[in-house]
Structure formats: structure tokens, C-alpha cells
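Hello,

Here is the structure we talked about. Please load it, then read the notes below.

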Amino acid sequence: MDKQASERIIETVESIAKHTLPRWNELPDLDIYMDQVLSLMSRYFDGYQSSDDKGLTSSMVNNYVKLGIMPAPKSKKYNREHLAHLIIICVLKTVMPIGQIGQLISEKVGNDSSYEKLYDRFCDYYESSVSAITQSTERLAEKDCDCVDIIFSSALRAHAEQAVALGLMKLSPEEQL
């Protein structure tokens, strides 16, 4: 692979590595309406979503509420807990069925004393996972692996990580503790 292609791969990976999620205290501390929720969520994931991901819609949010995956808004307004739920859902929905995401959140919230701690821990895991993957990808690019090899490697790591996560979801709630 030529030096320019390697630099473009590293550039792409570094831009992904810079993506962070807002911590609990960075989420709005006042109740907001649906259009504001959608705008915020778009900003939180700006430049990080794939081109075929249309982002979050009001219909999706309403379905998550109907399915019991997140709490209903109060007087059509959403708070920090709603936003945290939506961020977790948006991150996980590409690798887990929505029902399992709801199950995972409800089990963890039920065992946790604070939704704030759960959410901030999720953000920490997110960022450490992104960092580990991007460092591994940068090492491949520096070894002169071509782009197809790097894509294979990334996709296969994603596949293996998804298999582990879904396999662990099959454990009973007691075994997951």
C-alpha cells in the first residue's frame, strides 16, 4: 500500500477515535421536546454514523417507548434519562436486537443504584472499545496491510465481538451478575 493510502486510513481511524459520548453531566439538565432530542442526537453522532444510517426519528423514539425499552416522556418532554437511553440504544442497535437492548438496560438498571453511573460507565466502555479498535487498525495500516485486509480485520473483530455479546445475553440474569 502506498504512503498516501496508509495516511488516509490512519486519518479516517483517528477521526473515529476522537468521537466521544457526552457524559451524564453534559446532557441537558432541563426537559426538552422531541425535535430538540432529535437535533441533539444528530449532533452527538455527527460524522460517526454510516452513510446508510438515517439517524434517529420520532417514530423510532415512540416505538422504543411503546416497546418499554425506555420510559415514556412526561408531558411530551424528555430528560437526561431519556437521552441516555437513546444514546445507548443508538450505539447498540447495529449489533443487538432491540428487545435484547431493552432487556440489558432494564436488568442493569434494576441492579444498579444509579442510572447516572450506569450511563457514564457505558460511555467509558464505548471510548475504551473505540480506542482499542482504532489502535489495532492503525498498527495494521503501519504494517502496510492494504485497505481490504484492514476492512476484513475490522469486520471480523466486529463479528466476533457481536457473537460474544449475544452469547452472553443467553446467560440467565443471575449468571450475568
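Buried means under 20% relative accessible area, exposed over 50%, and partly exposed in between, using a 1.4 Å probe and protein chains only. Helices are DSSP runs of H or I with at least four residues, numbered from the N terminus.

This is a predicted model: local features need pLDDT of at least 70, side-chain atom pairs count only at pLDDT 80 or more, and totals for chains, interfaces and linings use all residues. Residues are numbered from 1 along each chain as its sequence is written, and side-chain values use heavy atoms, without hydrogens or water.

Helix α4 covers residues 80-92. Its 13 residues reach 18 Å from first C-alpha to last, close to the expected 18 Å (1.5 Å times one less than the number of residues). Of these 13 residues, 12 are buried, so α4 is largely enclosed by the rest of the structure. Among them are R80, H82 and H85. At the start of α4, a side-chain oxygen of N79 comes to within 2.9 Å of the backbone nitrogen of E81.

S136 sits in helix α6 (residues 115-142). S136 is buried, at 18% relative accessible area. Its side chain makes a polar contact with the side chain of R157 at 3.1 Å (N or O atoms within 3.5 Å, one able to donate a hydrogen and the other to accept it; residues adjacent in sequence count only if both atoms are side-chain atoms).

Zero disulfides turn up in the whole structure (cysteine sulfur pairs within 2.5 Å). C123 is buried at 0%. C147 is partly exposed at 39%.

Regards

Terms used. Helix = DSSP H or I, 4+ residues; strand = E, 2+ residues; numbered from the N terminus.
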